[in-house]
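Biologist: Please pick one part of this model and take me through it closely, residue by residue. I would also like to hear how its surroundings are built, with your cut-offs spelled out as you go.

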Amino acid sequence: MGHDHQHHMPASLNMNRAFIIGIILNVVFVVLEAVAGFYFHSLSLLSDAGHNLADVGTLLLSLVAFKLVKIKSNERYTYGYKKTSILAALLNSVILLISIGVIAYEAIRRFINPQPVPGLDIALIAGIGIIINFSSALLFFKGKDDDLNVKSAYLHLLSDALVSLVIVIGGVAIYFLKWFWLDPFLSLVVVVVILISTWHLLRDSLRLSLDGVPSGISLTDIKEMALKVKGILDLHHIHIWAMSTTENALTAHLVLAPDINLDQELSIKKELKHQLEHKNIHHITLEVERRADDCDDKDKSAHRS
């Protein structure tokens with residue numbers, strides 16, 4: 001097994017705090033935007049409020065997953081609850097897809113029969129949204145490359161800020177040009193933004209839930225890296241999967257030269273594991289073979305890490 005990296009803990013604590021702050025800020029803004037949307041009869045504000053509410057759900061699910069990941073393994077769940085972080089990301093994407101359908105339906109209905117709305121008031125509320133969403137997104141900037149849920153939170157909040165910017169521009173245009181059809185049109189823009197971001201989240205989370213190879217890891221690269229270690233003849237039967245949105249695992253058959261002794265074998269495995277950890281693979285099991293032609297589907301005596 002690869003050793004645990006203790007320096008991840010402060011980052012986890014910071015992300016936990018980021019989720020809580022992000023949830024509070026966005027709940028306040030959802031209430032403000034929803035009230036303003038109903039008061040001004042603005043579909044663009046209401047659809048954006050629905051989008052932000054879905055993101056609050058995303059943050060809540062991710063926070064719960066963050067907590068569950070830390071629960072220790074037991075006899076029934078030998079990996080603990082690490083995979084809940086992947087399931088949370090998958091559920092988040094499904095929720096967002098449902099919200100897309102609701103917003104799109106109402107936008108098309110309003111587009112056919114546009115209603116007068118106060119452009120400057122809409123722009124003001126959306127302007128507040130830019131500040132809140134962009135500030136919230138910055139909370140997740142440092143951790144976005146280490147965790148799928150953190151990345152999804154960052155992208156959603158950043159896209160919310162961009163959507164709010166579009167609504168500000170639209171609100172100003174409605175005020176000066178009286179183009180009331182812009183309100184439902186901007187709702188359709190929100191739909192497109194959600195669809196693009198959700199599609200990537202759905203694709204990544206579905207792949208990980210099916211134990212697919214995590215993004216950024218290539219089996220070919222792993223094998224080429226292993227063959228550069230002195231004494232390794234081959235690495236095959238490679239399986240790589242995600243245990244959570246932050247931890248990956250690998251099992252493989254490691255073929256060594258026949259003259260490698262036990263001490264050399266341990267040194268080779270240690271070197272390979274060290275390199276694999278730099279590829280973000282921390283849970284590693286290697287079955288050692290002495291000759292390349294010994295590998296078949298039958299059970300064989302082997303050393304395991």
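Modeller: Happy to! Helices here are DSSP runs of H or I with at least four residues, strands are DSSP runs of E with at least two, and both are numbered from the N terminus. The model is predicted, so to speak of a local feature I need pLDDT of at least 70, and side-chain atom pairs count only at pLDDT 80 or more, while totals for chains, interfaces and linings use all residues. Residues are numbered from 1 along each chain as its sequence is written, and side-chain values use heavy atoms, with hydrogens and water left out.

Let me start with the loop between α5 and α6, where Lys 178 is found. Lys 178 is not a glycine, yet its phi is positive, at about 60°. With a relative accessibility of 51%, Lys 178 counts as exposed; the classes are buried for under 20% relative accessible area, exposed for over 50%, and partly exposed in between, using a 1.4 Å probe and protein chains only. Trp 179 belongs to that loop between α5 and α6 too, and is partly exposed, at 39% relative accessible area. Once neighbours within four places in sequence are set aside, Trp 179 is in contact with Ala 173 and Ile 174, where contact means heavy atoms within 4.5 Å. For a sense of scale, 55 Å separates the C-alpha atoms of Trp 179 and Thr 220, which are 41 residues apart along the chain.

The loop between α1 and α2 deserves a look as well, for it holds His 41. His 41 has a positive phi, near 55°, in a residue other than glycine.

Ser 44 counts as buried, because its relative accessibility is 1%. Beyond its neighbours within four places in sequence, Ser 44 touches Ile 122, Ile 167, Asp 183, Leu 186 and Ser 187 by the contact rule. Ser 47 is in helix α2 as well, and at 4% relative accessibility it counts as buried. With neighbours within four places in sequence again left aside, the contacts of Ser 47 are Ile 103, Ser 187 and Val 190.

What is Ile 122 in contact with, leaving aside its neighbours within four places in sequence? The list is Ser 42, Ser 44, Leu 45, Val 117, Ile 167 and Asp 183. Ile 122 also brings us to the largest nonpolar core, which has 24 residues; those with the most contacts inside it are Ala 36, Leu 45, Ile 122, Ile 125, Ile 167, Val 191 and Ile 194. At least two residues of this core come from each of α1 (8-40), α2, α3 (84-112), α4 (119-139), α5 (148-177) and α6 (182-209). Another core, of 22 residues, lies apart from it, and Ala 226, Leu 254, Ala 257 and Leu 272 are among its members. By nonpolar core I mean a set of buried Ala, Val, Leu, Ile, Met, Phe, Trp, Tyr and Cys residues joined through side-chain atoms within 4.5 Å.

Thirteen residues line it, and Leu 155, Ile 196, Ser 197, His 200 and Leu 201 are the closest to its centre. Two or more lining residues come from α5 and from α6, with α6 giving the most, seven residues. By type, the lining divides into five nonpolar, five polar and three charged residues. Ala, Val, Leu, Ile, Met, Phe, Trp, Tyr, Cys and Pro count as nonpolar, Asp, Glu, Lys and Arg as charged, and the others, Gly among them, as polar. A pocket is an open set of points on a 1 Å grid over the protein atoms alone, where a 1.4 Å probe fits and protein lies on both sides within 12 Å along at least five of seven lines; lining residues have an atom within 4 Å of a point.
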